[in-house]
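Hello,

Here is the structure I said I would pass on.

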Amino acid sequence: MEDWLSLNNALYLIVLILGALVTVMSTKYRNILKELSELAEVLKSGYADQKLSKAEKEAVIREALDVVKAILLMKWSFK
């Protein structure tokens, strides 16, 4: 019994459990991460010339609202 109960195996088990938790969390938050990356892309393209035009501001606001929508859908989903 002491052969399989070692520090290396315990660390291996911890890494496996953490990997499973990260996988579960990433699937749960996938839509939020997608919306955040889209928001970052809009901000990056908007600030390419060091200022935001009115159309770029509206695009940023739309993407920010999409992020809020994704958070609300994740929080209050009925699955």
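Predicted model: local features only at pLDDT ≥ 70, side-chain atom pairs only at ≥ 80, totals over all residues.

Salt bridges. The structure holds two. One pairs Glu35 with Lys34, with the closest N and O atoms 3.6 Å apart. The other pairs Glu38 with Lys34, and here the closest N and O atoms are 3.9 Å apart. Shared partners join Lys34, Glu35 and Glu38 into one network. In general, side chains of opposite charge can pair when their charged atoms come close.

Where do Glu38 and Lys34 lie? Both are in helix α2, which covers residues 30-46. They are four residues apart, about one turn of the helix.

Glu35 is buried, at 12% relative accessible area. Lys34 is partly exposed, with a relative accessibility of 41%. Glu38 also counts as partly exposed, at 27%. The cut-off matters for Glu35: buried means under 20% relative accessible area, so its 12% qualifies.

Surface patch. Which residues form the nonpolar patch on the surface? They are Leu7, Leu11, Leu13, Ile14, Ile17, Leu18 and Leu21. Together they have about 690 Å² of accessible area. One of them, Leu13, lies in helix α1, residues 7-28. Leu13 has a relative accessible area of 48% and is therefore partly exposed.

Best wishes

Technical notes: Residues numbered from 1 in each chain as written. Heavy atoms only, no water. Patch = residues over 30% accessible without salt bridge, like charges linked within 9 Å, V, L, I, M, F, W, Y side chains within 5 Å. Areas by Shrake-Rupley, 256 points an atom, 1.4 Å probe, with all protein chains shown as cover. Salt bridge = Lys/Arg side-chain N within 4 Å of Asp/Glu carboxyl O. Helix = DSSP H or I, 4+ residues; strand = E, 2+ residues; numbered from the N terminus. Buried < 20%, exposed > 50% of the residue type's maximum accessible area, 1.4 Å probe, protein only.
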